Amino acid sequence: MKKDLNWRFEKCSEEWGKKQKEKEDCEIRKKQCAQRVITNCRELPYERNIESYGEVLGALGEYKSQLESLQMAVMGYGAEQGREAMQKQLIGKEEEAIDTEDLHKKKAGQEIKEQKLQIAKLEEFLNAPENKEKAQRLIAIRDELLLKDTEERELDRKQAVWENTIKRLEPDIEAQEHKMREKMEKEARLRKYFDEELSLGLVFAKENKTIPEAAEQAKKGIREADRNKSVAEIVSRLDKTFHENIGNLVIYGTFMEECFAEGTTEAMALRRRYRIVSYMQGRKLYLEEFYQVIKERIDETELLIRQKDRELFENILSDTLSRKLNIRIAESRKWIQDMSSLMRKMDTSMSLTFSLDWRGKSADGEGELDTAELEKLLNRDRELMAAEDIERISAHFRNKIYTVKQTAEENGQILSYSDLVREALDYRKWFEFKMFYYRNDENKKELTNGAFNRFSGGEKAMAMYVPLFAAVNAQYKKAEYDDFPRVIALDEAFAGVDDKNISSMFDLVKKFDFDYIMNSQVLWGCYESVPLLRIAELLRPANSQVVTVIYYLWNGKQRIIEEQ
């Protein structure tokens, strides 16, 4: 550090010398500028100060502005004189043009009078009855001649086209007849193929419809989305759908069978059809018949499942399973009470305590029971239970299984029947946790999101750590032996919690009998509630590539450095 400070002092001294030299240079330039000012302003009758020369500069600016305005006015005056002279010349030319136009107007008026006299004589001649009739006849003859001429030209054009067509078609008459016969044969084949397809009954029943009527009906039955698709696209889609679902139909030997595939290549392209075939008990069934048989079996199976469900849930109510469920629920309630008791005994600087509650859920859907009512029924003696209560329990679990199955299908999962029953019998999902808080002597209040957001930073930390430790303790309670390790690890432990509440946190950890590993930038863990603690401090000086570890021991009263 001394070397760094000496070096910085030398740098500052050099910088000070440079600045001192710059100051001396500025002083010299200042004196030179003052001398030039005296020399240049010697003949001017003004005081040598900024205010006087500022006023003079303003007066000069005003004089310059007025001079420029005067020059602009003089230039405008000259321009106006030029425009006036030009206007006088234009007026003279316009007067000459007006005189000329007056002469033309007089001549035109004389010509109009003469033309009117000629028009009157012609109208008198044309209005004569014999001349009107001749004029109308002439107009009709001209129109008729024009129409005949147009018809003649059109007939000549058509005659030329027909003559060319006849000359062109004469050599190909036999070929055209051959093509006509082929098209008629093709039409007959297509009618046959279409009739064969109708006989499959895949689209609709033919009944008494003619082939064109059936074809029109089949055309209307095509979905709008499929109208612009090629046959290859539709076949590809069918093949994709078939392979997506074939896994569920393997036990029925399901495959795609070709129909009408024999014949020429053209006939195979037109006649090839695929039908989905399955085998059930040695019987060959096409898709429509297979669907009906499966549907009937599903209906029958649902009746059997209902009966099996009833038997299953009657077994649930038997002494063994019912007693196990009641024992598990009672154990869980005992855990909740123990956790709440520990949390209520905590002494925090904020006079804030917490408790947990485990409440039964209400019925989720139609046909299901509230958890409280279901518990009452499960606690009853099997022999004393009415048939109506047994049916209500069966309906409850049946609906639960159906709901779980629907949820699994929506998420793309496949669950076996045993998995569905296990989900329905998971008593942990029959309840929900509620957390409450107390402040001083106030009544307990539910810890909702709104209440949590009103807490201070330390209170929020308390509200998170307390139930966290309670949950971990509940998990460790499930251990088979009491001497199993009960370890927790916390990163940035108890950040945002004040010292008294941190002491309460360590006291809670002690009551839960947790072993722990914690790290923090500020937390040492040296509190009265901590009887014994080993501490490792990591030190890394600035820009150092080595981390030093210093070990301490907290014995409940003081922190001692340990020698390694």
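Predicted model: local features only at pLDDT ≥ 70, side-chain atom pairs only at ≥ 80, totals over all residues.
The cysteine sulfur nearest to that of Cys33 belongs to Cys26, and it is 10 Å away. A disulfide needs two cysteine sulfur atoms within 2.5 Å. Cys33 is therefore in no disulfide.

Cys12 has a relative accessibility of 54%. The cut-off for exposed is over 50%, so Cys12 counts as exposed.

## A nonpolar patch

Which residues form a nonpolar patch on the surface? They are Tyr63, Leu67, Leu70 and Val74. Together these four residues have about 420 Å² of accessible area.

Tyr63 lies in helix H2, which covers residues 50-126. Its relative accessibility is 54%, so Tyr63 counts as exposed.

## A positive patch

Charge marks another part of the surface. Lys179, Lys183, Lys186 and Arg189 form a positive patch there.

Where does Lys179 sit? Its place is in helix H4, residues 173-199. Why is Lys179 called partly exposed? Its relative accessible area is 47%. Partly exposed covers the range between the buried limit, under 20%, and the exposed limit, over 50%. Lys179 falls in that range, so the label is partly exposed.

Technical notes
Residues numbered from 1 in each chain as written. Heavy atoms only, no water. Patch = residues over 30% accessible without salt bridge, like charges linked within 9 Å, V, L, I, M, F, W, Y side chains within 5 Å. Areas by Shrake-Rupley, 256 points an atom, 1.4 Å probe, with all protein chains shown as cover. Salt bridge = Lys/Arg side-chain N within 4 Å of Asp/Glu carboxyl O. Helix = DSSP H or I, 4+ residues; strand = E, 2+ residues; numbered from the N terminus. Buried < 20%, exposed > 50% of the residue type's maximum accessible area, 1.4 Å probe, protein only. Lys, Arg positive; Asp, Glu negative; His and termini not counted. Charge placed at Lys NZ, Arg CZ, Asp CG, Glu CD.
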